[in-house]
Amino acid sequence: MWLFGWFGFNAGSALSMNGIAMNAFITTAVSGAAAGFTWLMCEWVLHKRPTALGLVSGIIAGLGSITQSAGYVSPFSALLIGFVGGILCFFAVTELKKRFGYDDALDAFGCHGVGGIWGGISAGIFATSTINPDITGSLVDGNAGLLIAEIVSILAVTAYSAVVSFVIHSLHGETAYGSVSAAGLAVGAHEPVAIPASPSISPKSSLVQK
């Protein structure tokens with residue numbers, strides 16, 4: 001369902017059924033498929049076993065990578081965007097999180113964050129006026145203006161998100177996984193919860209006395 005949803009807001013952003021909407025639909029599918037393939041190849045090479053979860057994760061990585069430029073790049077560029085996006089997001093999920101130890105239980109940053117960053121950069125590289133005349137200044141059109149603007153925007157959003165997230169967690173005293181066990185005891189992050197065993201009835205006991 002999320003794949004069809006992505007078709008909706010990428011192709012639907014054209015606000016009409018026209019050539020740009022069809023191009024966005026095609027590039028969305030191509031990028032998702034390319035990233036799903038490269039994620040599987042990374043699993044195969046490094047772990048000797050591609051997985052269904054890896055395929056789905058790769059498709060999401062490709063969709064996150066193409067969203068910014070779906071209506072502005074060619075299908076061939078979308079293939080390259082998805083190919084690179086799948087590799088970048090795979091290593092973000094499997095290696096970057098492990099190395100830096102940040103909290104990302106659903107790998108939202110690994111897929112959506114890294115894919116989105118690459119998507120913004122790739123828009124500055126591959127977006128072309130031959131696909132959409134509303135865009136100018138990309139590298140394939142011989143101008144670095146759009147790429148520079150995308151990089152500045154990415155840095156600004158990253159800084160804003162980091163500062164605001166820190167302030168929110170500081171003000172509210174939030175913890176990621178603090179919870180209360182069934183016994184009513186506070187449990188810290190990543191600490192196992194001991195669930196009391198259900199009382200058993202001895203074979204010798206009975207509610208009905210003879």
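Reader: Taking buried to mean under 20% relative accessible area, exposed over 50% and partly exposed in between (1.4 Å probe, protein chains only), which residues of α4 are buried?

Author: The buried residues of α4 are S77, A78, I81, G82, G85, G86, C89, F90, A92 and V93, where helices (H or I, at least four residues) and strands (E, at least two) are DSSP runs numbered from the N terminus. This is a predicted model, in which local features need pLDDT of at least 70 and side-chain atom pairs count only at pLDDT 80 or more, while totals for chains, interfaces and linings use all residues. Residues are numbered from 1 along each chain as its sequence is written, and side-chain values use heavy atoms, with hydrogens and water left out.

Reader: What covers those buried residues of α4?

Author: The cover includes α2, α3 and α5, counting as a contact any heavy atoms within 4.5 Å.

Reader: And the geometry of α4, where does it bend?

Author: α4 bends by about 45° at A92, the bend being the angle between axes fitted to the seven residues ending there and the seven starting there. With its 26 residues, α4 reaches 35 Å from its first C-alpha to its last, close to the 38 Å expected at 1.5 Å a residue, where the expected span is 1.5 Å times one less than the number of residues. After α4 comes G101, whose phi is positive, near 65°.

Reader: Stepping back, how many helices and strands does the protein chain have?

Author: There are 6 helices and 2 strands, and along the sequence they follow the pattern α-α-α-α-α-α-β-β. Of the 210 residues in the protein chain, 34% count as buried. Among contacts between residues at least 6 apart in sequence, 57% join residues at least 24 apart. The protein chain exposes about 13,000 Å², of which carbon and sulfur atoms supply 70%; such areas come from the Shrake-Rupley method with a 1.4 Å probe, and for residues only the protein chains shown count as cover.

Reader: Which residues have the most contacts inside the largest nonpolar core?

Author: They are W39, C89 and C111, in a core of 13 residues; a nonpolar core is a set of buried Ala, Val, Leu, Ile, Met, Phe, Trp, Tyr and Cys residues joined through side-chain atoms within 4.5 Å. At least two residues of this core come from each of α2 (19-47), α3 (52-66), α4 (75-100) and α5 (108-126). Another core, of 12 residues, lies apart from it, and includes A11, I81, F126 and L146.

Reader: What is C111 in contact with, leaving aside its neighbours within four places?

Author: C111 is in contact with W39, S57, I60, A61, C89, V93 and G116.

Reader: Is α3 mostly covered or mostly uncovered?

Author: α3 is mostly covered, since 11 of its 15 residues are buried, including S57, I60 and A61. Its end C-alpha atoms are 22 Å apart, which agrees with the 21 Å that its 15 residues should span at 1.5 Å a residue.

Reader: Switching to charges, which residue does K97 form a salt bridge with?

Author: K97 pairs with D107, the closest N and O atoms being 2.7 Å apart; a salt bridge is a side-chain nitrogen of Lys or Arg within 4 Å of a carboxyl oxygen of Asp or Glu. K97 lies in helix α4 and D107 in the loop between α4 and α5, so the pair ties together parts that are 10 residues apart in sequence. The structure holds 1 salt bridge.
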